[in-house]
Amino acid sequence: MPSQTFILTFVCDDMPGIVANVTNHIFKSGGNILESHQYNDIETNRFFMRTAYRVADPAGSTALEAGFEAIAAHYGMDYRIRARSQRPKVLILASKADHCLADLLYRRRIGELDMDVTGIISNHPRDTYASLDFGDIPFHHLPTIPGNKAAQESQIWALFQSTGSELAVLARYMQILSDDLAAKFSGRCINIHHSFLPGFKGAKPYHQAHQRGVKVIGATAHYVTADLDEGPIIEQDVERISHSDTPDDLIRKGRDIERRVLARAIRFHLDGRVLVNGPRTVVFRD
């Protein structure tokens, strides 16, 4: 049987011997470390680590995971071990603007985003995306009408659970999630914000930016929390603009930034490179 690669991630209080014990356990269990990153946040005394390792013998993999439980218990780790071959299941939510949705589907098709899309949810009907090929991905039209928010969100959560989804992506889904749904999605829902947080929130952010005469615009991908657009930031990017750029120019350039920032944030998450650190994140970039 061919060797398998696994990703180990964990967070715990910092103390001596963590790296030595973890790496020694991987070695003694027949594992070969391919990549390893660690970070100690001296402000919170929290330790973060991500290690990719290969195991040739399946029995060794089982023993490694079983033996790691004692190490995790000793250090009080919040940890996860995932086979790299295990494709995460992702549920995508979108509204009328389809540029992020189209980009994610394309990156999935060419293998750049190694994920199984379990479904697409929209508050707009299927013909809104007539130009997009969803293939065999189920499409769910869940309209938002006054008074039905709780019922509509209940359907979203039911689909997330019934499909075994591990991540929800708000690909320009222009609806504010309730505190209840945001709490359920904690650490498992990524949003793309169409301006460089914390500036220019609300409607027409690029028009606001144009009115202020800004020289850079950007986008922010972050985890969803009950605090609107205040979740832990995963990825950001900016682009310089000039006095000659119109609001339409800013919107056009903004769409491009949004696509690439969201795709990078999702890729980092899928590959176990993002660990939440209170209101912030630790991102072990490749």
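Five salt bridges run between domain 1 and domain 2 in this predicted model. One of them can be picked out by name: Arg 273 pairs with Glu 35, and their closest N and O atoms sit 3.0 Å apart. Polar contacts turn up here as well, with 7 residue pairs counted between domain 1 and domain 2, both partners at pLDDT 80 or more.

So who are the two partners? The chain splits into domain 1, covering 4-83, and domain 2, covering 89-283. Where they meet, domain 1 puts in 15 residues and domain 2 puts in 10 residues. Taken over C-alpha atoms, the centres of the two domains are 31 Å apart.

Next comes the area of the interface. The size of an interface is often given as the accessible area lost when the parts come together. For this pair, domain 1 and domain 2 bury about 860 Å² between them, and carbon and sulfur atoms account for 46% of that. Over on the domain 1 side, the residues that lose the most area to domain 2 are Phe 48, Arg 50 and Arg 82, which together make up 46% of what that side buries.

Back to the polar side of things: there are 7 residue pairs in polar contact between the domains. The face of domain 1 that touches domain 2 draws two or more residues from each of strand 1 (4-13), strand 2 (31-41), strand 3 (46-55) and strand 4 (78-83). Sorted by class, that face holds 6 nonpolar, 3 polar and 6 charged residues.

Methods. Residues are numbered from 1 along each chain as its sequence is written. This is a predicted model: local features need pLDDT of at least 70, side-chain atom pairs count only at pLDDT 80 or more; totals for chains, interfaces and linings use all residues. Side-chain values use heavy atoms; hydrogens and water are left out. Domain bounds come from an automatic or database domain assignment. Contact means heavy atoms within 4.5 Å. Buried area is the accessible area (1.4 Å probe) that two parts lose on being put together, summed over both. A salt bridge is a side-chain nitrogen of Lys or Arg within 4 Å of a carboxyl oxygen of Asp or Glu. A polar contact is a pair of N or O atoms within 3.5 Å; within protein, one must be able to donate a hydrogen and the other to accept it, and residues adjacent in sequence count only if both atoms are side-chain atoms. Helices (H or I, at least four residues) and strands (E, at least two) are DSSP runs, numbered from the N terminus. Ala, Val, Leu, Ile, Met, Phe, Trp, Tyr, Cys and Pro count as nonpolar, Asp, Glu, Lys and Arg as charged, and the others, Gly among them, as polar.
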